[in-house]
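I wanted to go through the contact between two chains and keep notes as I went.

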Number of protein chains: 2
Amino acid sequence: MSHMGYRCLMAVDRDHVLRSAAALLTRKSTATMDEVAKAAGISRATLHRQFAGRDALVRALESLGIAECEAALDAARLDEGTASDAVRRLVGAIEPAAGLLAFLYTENQLFEGEEQNAGWALIDERISAVFRRGQLDGEFRIDLTPAWLTEALYGLLASGAWLVQSGKGAPKDFPHMIVELLLGGALRREET
Amino acid sequence: MSHMGYRCLMAVDRDHVLRSAAALLTRKSTATMDEVAKAAGISRATLHRQFAGRDALVRALESLGIAECEAALDAARLDEGTASDAVRRLVGAIEPAAGLLAFLYTENQLFEGEEQNAGWALIDERISAVFRRGQLDGEFRIDLTPAWLTEALYGLLASGAWLVQSGKGAPKDFPHMIVELLLGGALRREET
DNA sequence: CCCATGTGAGACATCAATGTCTCACTCTGG
DNA sequence: CCAGAGTGAGACATTGATGTCTCACATGGG
């Protein structure tokens, strides 16, 4: 019976499958279940045993993305120090998940009707909060809404991930590019 | 024979079909040919007579997007005045096409291997040029590459389009949100 | 050693979208 | 009025992905 916990044998490392799928779908969002299975080094049958179908897989990826976002939010300690530094820490912490985020970001565009995972609302709120704090502290300008800044952060993360993906940008510049543009914009600062 | 030009009769307004398709695919990028046809108010048969298949339709939309981008670039007169003003004019001019651009932007992510329309390279170059000019004029900072600023502009246009789409932002704020973030960033400016 | 569990490989039915075709209808121009 | 072009509706085959199933194999535990 082995009620001593599930993984009596290999259990094929569900986490590894998820990460492989994320890496593949980041590059080719229309990849087949067959391709996903091959990318993970398992057969389609086994993939199907773990995730009832493509929907289940995407939902699992969504949960993974949410978990990574929340981990990044925790690690960034958004309520400490200046809002700028908090945003810098956030982008640095969320960078490894940017590819997955980009996939989920575009994927969610066609979920319009259906209710989407409530986890995103919490994440949106936590990110919006740091921008709002920056505004209250007089650090950020007030003519750009926190909602827009949050959405823009998502967009820039996706753009950055794709730029790196296509080889037109270096991964090491990733956080700097995004943070500097998001916070400082393209204009030169006389001060500083 | 009517060799006096094509549209002897109705010709069903190919342009109208394209715009309907653009509007629909912007919201639901996986829409069926059937849905596209219904959205345009024509039958699937007629849609098929005009565009050999889904590929042909997407290519036509790509051409439309390129044409609108080029029109916007022309209208923005990027080589006149300050680079900042040029970018402002560009965003204002390109805004009506933002939804279509967002669709094509994500669509092109999965064309990775295949050669993509060379028109985009020209557009990339023209946009990059205005950022480069801003840098040479000492107006823009030089630690953000023109390639990244261009990519970021695309990303922000898509984010803005989706924000408006989801009702979380007002269409009238669209150009302001994007331009101000792209140029000035989130930080308050002591100067100005 | 042998059994049980989990796996890979592949056959198979299903389903949705696509592409093609036919046919009847409706216009417009002559 | 009539001929022809264009359209809508629908039937049909095709294709590709999906989901389900069976069976043989291997690997680890008792």
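Predicted model: local features only at pLDDT ≥ 70, side-chain atom pairs only at ≥ 80, totals over all residues.

**Entry 1: polar contacts.** With that settled, I looked up the count between chain A and chain B and got 22 residue pairs in polar contact, both partners at pLDDT 80 or more. Next I asked which elements give two or more residues to the side of chain A that touches chain B. They are helix H6 (98-107), helix H8 (146-165) and helix H9 (174-184) of chain A. H8(A) gives the most to that side, with 11 residues. By type, the residues on the side of chain A that touches chain B split into 18 nonpolar, 12 polar and 14 charged.

**Entry 2: salt bridges.** I then checked the charged pairs and found 2 salt bridges between chain A and chain B. I wrote down one of the pairs I looked at: the side chains of B:Arg141 and A:Glu180 form a salt bridge, at 2.6 Å from N to O.

**Entry 3: area.** How much area is buried between chain A and chain B? I have about 4100 Å², with carbon and sulfur atoms giving 60% of it. A:Arg141, A:Trp148 and A:Leu187 supply 17% of what chain A buries against chain B, more than any other three residues. In residues, the contact takes 44 from chain A and 44 from chain B.

**Entry 4: symmetry.** I superposed chain A on chain B: a rotation of 180° with 0.0 Å of shift along its axis does it, at an RMSD of 0.0 Å. The two copies are therefore related as by a two-fold rotation axis. The same surface serves both copies, as 100% of the contact residues of chain A recur in chain B. Which residue of chain A comes closest to the rotation axis? That is A:Gly185, with its C-alpha at 1.8 Å.

**Entry 5: one loop residue.** Last, I stopped at B:Asn108, which sits in the loop between helix H6 (98-107) and helix H7 (119-136) of chain B. Leaving aside neighbours within four places in sequence, B:Asn108 is in contact with B:Glu62, B:Gln116 and B:Trp120.

Terms used
Residues numbered from 1 in each chain as written. Chains lettered and ligands numbered in written order. Heavy atoms only, no water. Least-squares fit on C-alpha atoms with pLDDT ≥ 70 in both. Contact = heavy atoms within 4.5 Å. Buried area = accessible area lost by both parts, 1.4 Å probe. Salt bridge = Lys/Arg side-chain N within 4 Å of Asp/Glu carboxyl O. Polar contact = N/O pair within 3.5 Å; in protein donor to acceptor, adjacent residues only side chain to side chain. Helix = DSSP H or I, 4+ residues; strand = E, 2+ residues; numbered from the N terminus. Nonpolar A, V, L, I, M, F, W, Y, C, P; charged D, E, K, R; others polar.
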